[in-house]
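Dear colleague,

I am handing over the structure we spoke about, and below it you will find what came out of going through it. Please read the notes with the model open beside them.

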Amino acid sequence: MTKADLVENVYLKTGFSKKESAEIVEMVFDIMKNTLENGEKIKIAGFGNFVVKDKSTRRGRNPQTGDEIEISSRRILTFKPSQVLKSAINNDEED
Amino acid sequence: MTKSELIEQLMENNDVLNKREAEMSVNAIFDSIGQALAEGDRVEIRGFGSFTVRERDAREARNPKSGEVVKIPAKKTPFFKTGKELRERVNVG
């Protein structure tokens with residue numbers, strides 16, 4: 001599924017025009033990106049949480065050469081799926 | 001930010017939407033992604049990231065309280081990989 005398919009689904013589920021649906025989808029992801037960029041987490045009930053985490057500098061290895069390298073400190077984004085989403089994905093398997 | 005704050009923000013950015021419509025739109029987005037994943041589909045949102053389903057093998061673990069060995073069956077779990085644009089924006093902050 002791509003963003004275009006998502007726009008199609010919003011169009012079918014809401015009845016807005018395709019143009020409006022595309023604008024809405026674009027806006028929702030823009031809002032989310034701006035929020036996460038500011039280091040703020042996003043909690044979507046029934047879906048999951050997007051959390052920004054600070055990672056400190058650590059030692060690592062280049063898996064190809066085995067050379068030890070320093071991995072610089074950075075800020076990363078993680079997604080923690082909700083129980084609802086995890087169940088939805090697993091129940092499907094039993095069908 | 002919670003889902004209701006996301007809905008509020010969407011209404012502020014798009015002044016033709018009323019609250020019910022903004023709510024319906026946000027729900028439609030996350031419901032669609034969830035449904036696609038439940039069907040085993042991969043969801044890719046350019047600039048944001050991609051959602052995939054990963055298989056976890058069955059394993060044996062211990063109940064930390066009783067020390068008993070419990071069998072955990074194989075299961076599927078949703079996985080999110082941050083897109084390049086968002087990864088860079090989050091890191092620069």
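**Salt bridges within each chain**

B:Glu44 counts as partly exposed, at 30% relative accessibility (buried means under 20% relative accessible area, exposed over 50%, and partly exposed in between, with a 1.4 Å probe and protein chains only). Its salt-bridge partner is B:Arg46, with the closest N and O atoms 3.6 Å apart, and B:Arg46 is exposed, with a relative accessible area of 66%. A salt bridge here is a side-chain nitrogen of Lys or Arg within 4 Å of a carboxyl oxygen of Asp or Glu.

Before going further, please keep in mind that this is a predicted model, in which local features need pLDDT of at least 70 and side-chain atom pairs count only at pLDDT 80 or more, while totals for chains, interfaces and linings use all residues. Residues are numbered from 1 along each chain as its sequence is written, chains are lettered from A and ligands numbered from 1 in the order in which they are written, and side-chain values use heavy atoms, with hydrogens and water left out.

Over all chains, the search of the whole structure finds 14 salt bridges. One of them joins A:Lys19 to A:Glu23, with the closest N and O atoms 3.3 Å apart; both residues lie in helix 2 of chain A, 4 residues apart, which is about one turn of the helix. (Helices, H or I with at least four residues, and strands, E with at least two, are DSSP runs numbered from the N terminus.) A:Lys19 is exposed, with a relative accessible area of 61%, whereas A:Glu23 is partly exposed at 37%. Another salt bridge links A:Glu68 with A:Arg59, the closest N and O atoms being 3.0 Å apart; here A:Glu68 is partly exposed, at 47% relative accessibility, and A:Arg59 is exposed, at 54%.

**Where the chains meet**

The contact between the chains takes 43 residues from chain A and 47 residues from chain B, where contact means heavy atoms within 4.5 Å. Together the two chains bury about 4200 Å², 70% of it on carbon and sulfur atoms; buried area is the accessible area (1.4 Å probe) that two parts lose on being put together, summed over both. On the side of chain A, the residues that lose the most area to chain B are A:Met1, A:Lys33 and A:Ile89, which together account for 17% of what that side buries.

How many salt bridges run between chain A and chain B? The count is 2, and A:Lys33 takes part in a salt bridge with B:Glu85, where the closest N and O atoms are 3.4 Å apart. There are also 13 residue pairs in polar contact between the chains, both residues being at pLDDT 80 or more. A polar contact is a pair of N or O atoms within 3.5 Å; within protein, one must be able to donate a hydrogen and the other to accept it, and residues adjacent in sequence count only if both atoms are side-chain atoms.

Helix 2 of chain A gives the largest share of the side of chain A that touches chain B, namely 12 residues. The residues of that side divide into 25 nonpolar, 6 polar and 12 charged (Ala, Val, Leu, Ile, Met, Phe, Trp, Tyr, Cys and Pro count as nonpolar, Asp, Glu, Lys and Arg as charged, and the others, Gly among them, as polar).

B:Met1 lies in the segment before helix 1 (3-13) of chain B and is buried, with a relative accessible area of 11%. Not counting residues up to four places away in sequence, B:Met1 touches residues that include A:Ile31, A:Thr35, A:Ile42 and B:Leu6.

B:Thr82, in strand 5 of chain B, is also buried, at 11% relative accessibility. A polar atom of its side chain lies 3.5 Å from the backbone oxygen of A:Leu77.

In helix 3 (residues 84-92) of chain B, the buried residues are B:Leu86, B:Arg89 and B:Val90. Seen down the helix axis, they fall within an arc of 100°, so they line one face of the helix; the arc is that of the directions from the helix axis to the C-beta atoms. The face turned away from this buried side carries the exposed residues B:Lys84 and B:Val92. What covers the buried residues of helix 3 includes helix 2, strand 2 and strand 5 of chain A, together with strand 5 (75-82) of chain B.

With best regards
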